[in-house]
Amino acid sequence: MRWLGFLLIFVPSAMVADTPTRIVTAGGDLTEIVVALGDSDKLVGVDTTSRYPPAISDLASIGYVRRLSPEGLLTLTPDLLIGSHDMGPDTALEQLEAAGVTVAIAPEGRGAEAVPEKIAFIAGLLRREDEARDLIAAYWDDMEEVAAKVATIETKPKVLFVLSLREGAPIVGGVETPAHDIITLAGGENVAAEIQGWKTFNQEAIIGAAPDAILVMGSHLEGMGGVESLLGRPDIALTPAGRTGNVLTVDGALMLQFGPRTPEGVRALAGLLHPDLDLTP
């Protein structure tokens with residue numbers, strides 16, 4: 001479904017009196033959208049989930065999206081804070097608004113179809129409607145191209161996404177998580193689809209799920225002890241993925257933060273799951 005007409009419906013320009021000149025973002029996907037729309041020069045601060053493009057590493061950090069500090073944020077004298085639906089705490093947002101900062105919470109959407117909605121929302125704030133139309137059109141062209149190639153896949157490998165370890169137990173991505181969405185888009189079968197959200201998986205569940213591939217974020221792999229430690233776990237060692245050593249590492253920002261680069265993330269993961277598939281753009 002294309003969202004080119006969505007801009008005519010969901011443009012929150014009334015939220016801001018003037019075009020913002022000092023913007024802070026809390027959410028890596030939202031930061032990427034601001035940059036893609038052409039307003040990187042107005043960014044004065046980003047949260048810790050914002051890692052792309054590399055140039056934003058020079059900006060001030062406002063901390064984690066769910067634990068913002070109004071005092072530190074106000075030192076950046078922003079006129080607009082754009083954040084994800086889980087931005088907080090509420091008391092911090094209330095203090096920022098009381099200080100005159102416009103706080104804009106992006107729509108809570110998941111998956112590929114949520115991206116144009118977020119682009120439209122931010123475009124309305126930044127008065128970038130024309131740029132947004134072009135960005136959304138390019139996004140859908142790219143998504144449809146990679147989707148057509150993935151649709152030719154006959155066999156879907158069984159994939160288990162492991163986010164981290166909690167007291168030794170793997171936390172995995174079930175339905176209603178970005179991990180489930182990206183695995184599905186890339187032509188894989190999420191073996192944790194029987195659970196909802198991020199939950200721990202016990203040994204019996206992992207062995208019974210019999211994943212062909214274990215998917216982990218590269219930035220979290222060290223915290224799990226590395227590939228050898230992961231493969232040495234009794235539960236994973238007894239799976240097809242464990243027996244073949246098939247641990248796939250991915251860029252979390254690219255794969256899990258649904259934004260303008262999502263087609264690139266789908267293409268990258270599909271290439272890992274289906275190495276014989278021609279995914280050349």
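Modeller: A term to begin with: pLDDT is the predictor's confidence in each residue, from 0 to 100. This is a predicted model, where local features need pLDDT of at least 70, side-chain atom pairs count only at pLDDT 80 or more, and totals for chains, interfaces and linings use all residues. Residues are numbered from 1 along each chain as its sequence is written, and side-chain values use heavy atoms, with hydrogens and water left out.

Colleague: What is the mean pLDDT of the chain?
Modeller: The mean is 93, and 94% of the residues reach 70 or more.

Colleague: Where does pLDDT stay under 50?
Modeller: Over residues 3–11. The model has 20 contacts for that stretch beyond four places in sequence, a contact being heavy atoms within 4.5 Å.

Colleague: Now helix α3. Which of its residues are buried?
Modeller: Ala92, Leu93 and Leu96, in a helix that spans residues 90–98. Buried means under 20% relative accessible area, exposed over 50%, and partly exposed in between, with a 1.4 Å probe and protein chains only. Helices (H or I, at least four residues) and strands (E, at least two) are DSSP runs, numbered from the N terminus.

Colleague: Why do you say they line one face?
Modeller: Seen down the axis of α3, the buried residues fall within an arc of 100°, so they line one face of the helix. The arc is that of the directions from the helix axis to the C-beta atoms.

Colleague: What covers them, and what is on the face turned away?
Modeller: The cover includes α2 (70–74), β4 (80–83) and β5 (102–105). The face turned away from the buried side carries the exposed residues Asp90, Glu94 and Ala98. Just after α3, Gly100 has a positive phi of about 100°.

Colleague: Next, the largest nonpolar core. Which members touch the most others?
Modeller: Leu37, Ile122, Phe161 and Leu269, out of 50 residues. Helix α5 (residues 129–150) gives the largest share of this core, eight residues. A nonpolar core here is a set of buried Ala, Val, Leu, Ile, Met, Phe, Trp, Tyr and Cys residues joined through side-chain atoms within 4.5 Å.

Colleague: What does Leu269 touch?
Modeller: Leaving out residues up to four places away in sequence, Leu269 touches Ile182, Ile183, Ala186, Leu215, Val250 and Met255. There is also a second, separate core of 18 residues, with Val172, Phe201, Ile206 and Met224 among them.

Colleague: How far is Asp47 from Leu37?
Modeller: They are ten residues apart in sequence and 19 Å apart in space, C-alpha to C-alpha.
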